[in-house]
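Thanks for coming, everyone. Please have a look at the model on the screen, and then we will walk through a few spots.

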Amino acid sequence: MKKIPDDRIITGINMPGTHDSACHYVDFGFISQTQTLSVTQQLDAGVRYFDFRFKLVGDKLLANHSICYCRKKKGFWNEVLTCDDIVRECLDFLSDNPSETILFQLKEAESHTGDEFYNVFYENYIKEAPGMWFIENRVPAMGEVRGKIMLLRAVSVDKEKFTDENSGIDFTSYPYVGTFNVDDWRRGDLKKLDGTPYGAMLVQDSYKSEGKYKWQTVTRFLESDLSQDEFNICYTSCTRIFVPRINVKYINKQILSYNLRRKYYGIIATDFIDAEISEKIIKTNF
């Protein structure tokens with residue numbers, strides 16, 4: 001991101017991302033694994049958008065995927081990967097690479113704790129390193145977020161405790177897309193805490209499709225008229241018929257052979273990303 005102009009709006013950058021980003025080592029890995037690289041390895045490969053999901057247990061945020069916990073090492077007997085571990089990896093990376101930013105999409109998985117989830121996250125991570133986070137509820141320019149983690153908050157907040165200055169970019173309207181329609185992508189509003197819309201996201205996440213149909217959805221989205229003023233997020237992951245590790249053999253092969261041009265695509269988030277896919281997406285910015 002060093003070559004990205006400081007005045008470029010963050011939504012106007014093509015960037016590689018990952019789906020279920022923490023699922024490197026995960027319970028029932030044959031079914032649930034979505035990545036072969038750790039968070040640090042993904043960062044080193046060029047990934048800048050992360051889809052993180054946590055379960056609140058006591059005062060701990062544990063990385064998980066559906067009913068499966070993510071682990072620090074392979075095997076049920078190993079420690080669960082926590083938000084502590086992931087945030088530390090992000091901060092260490094930014095310390096070494098201050099020209100970059102990390103888009104940290106925060107979701108709650110397999111628990112329903114309401115406002116308490118963000119309360120714990122804010123107290124444990126943002127207050128511990130306040131200068132390392134961009135937590136305003138607005139879309140910034142690149143120069144404002146270099147060396148920082150940008151919070152994309154897909155959980156609720158206590159509106160009496162937090163303001164638009166410290167609650168992160170509002171991703172609570174993130175749309176659920178569970179159809180098989182190749183043209184089904186959906187818009188969600190970005191809103192101030194008083195409910196006033198100020199922006200939007202357009203998400204293609206038809207994960208219930210399979211191979212060829214999913215690829216049609218991906219390419220139609222990428223070739224559509226996308227606005228650089230919105231968060232455009234294109235997920236290439238799919239689970240129909242086969243598990244992610246099988247589907248990805250077809251999908252990632254298509255990504256590598258597809259003619260990504262020097263045009264605007266937004267965020268392209270994949271399963272089992274590698275440096276070759278990441279580099280191909282990055283190059284479309286220049």
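Let's start with T11, which is buried, at a relative accessible area of 4%. Buried means under 20% relative accessible area, exposed means over 50%, and partly exposed is in between, using a 1.4 Å probe and protein chains only.

Before going on, a word on the source. This is a predicted model, where local features need pLDDT of at least 70, side-chain atom pairs count only at pLDDT 80 or more, and totals for chains, interfaces and linings use all residues. Residues are numbered from 1 along each chain as its sequence is written, and side-chain values use heavy atoms, with hydrogens and water left out.

Back to T11. T11 sits in the segment before β1. Helices here are DSSP runs of H or I with at least four residues, strands are runs of E with at least two, and both are numbered from the N terminus. What does T11 touch, leaving aside its neighbours within four places in sequence? The list is V139, Q228, D229, E230, F231 and Y264. Contact means heavy atoms within 4.5 Å. A polar atom of the T11 side chain lies 2.5 Å from the backbone oxygen of Q228.

Next, helix α6, residues 211–222. Its twelve residues should span 16 Å at 1.5 Å a residue, and the end C-alpha atoms are 17 Å apart, which agrees. The expected span is 1.5 Å times one less than the number of residues. Buried residues of α6 include W215, V218 and F221. Among the elements covering the buried residues of α6 are β11 (197–204) and β12 (231–235).

How do α6 and α7 meet? Their axes come within 10 Å and cross at roughly 35 degrees. Axes are lines fitted to C-alpha atoms, for helices over the stretch in contact, with angles from 0 to 180 degrees between N-to-C directions. On the α6 side, G211, K212, K214 and W215 make the contact. On the α7 side, the residues are N247, Y250, I251, Q254 and I255.

Now α8, residues 275–282. Which residues of α8 are buried? They are I277, S278, K280 and I281. Seen down the axis, the buried residues of α8 fall within an arc of 160 degrees, so they line one face of the helix. That arc is taken from the directions from the helix axis to the C-beta atoms. β1 (15–18) and α2 (39–45) are among the elements covering them.

Last stop: G29, in helix α1. G29 is partly exposed, at 22% relative accessibility. G29 and C68 are 39 residues apart in sequence, and 8.9 Å apart in space, C-alpha to C-alpha.

Conventions
Polar contact = N/O pair within 3.5 Å; in protein donor to acceptor, adjacent residues only side chain to side chain.
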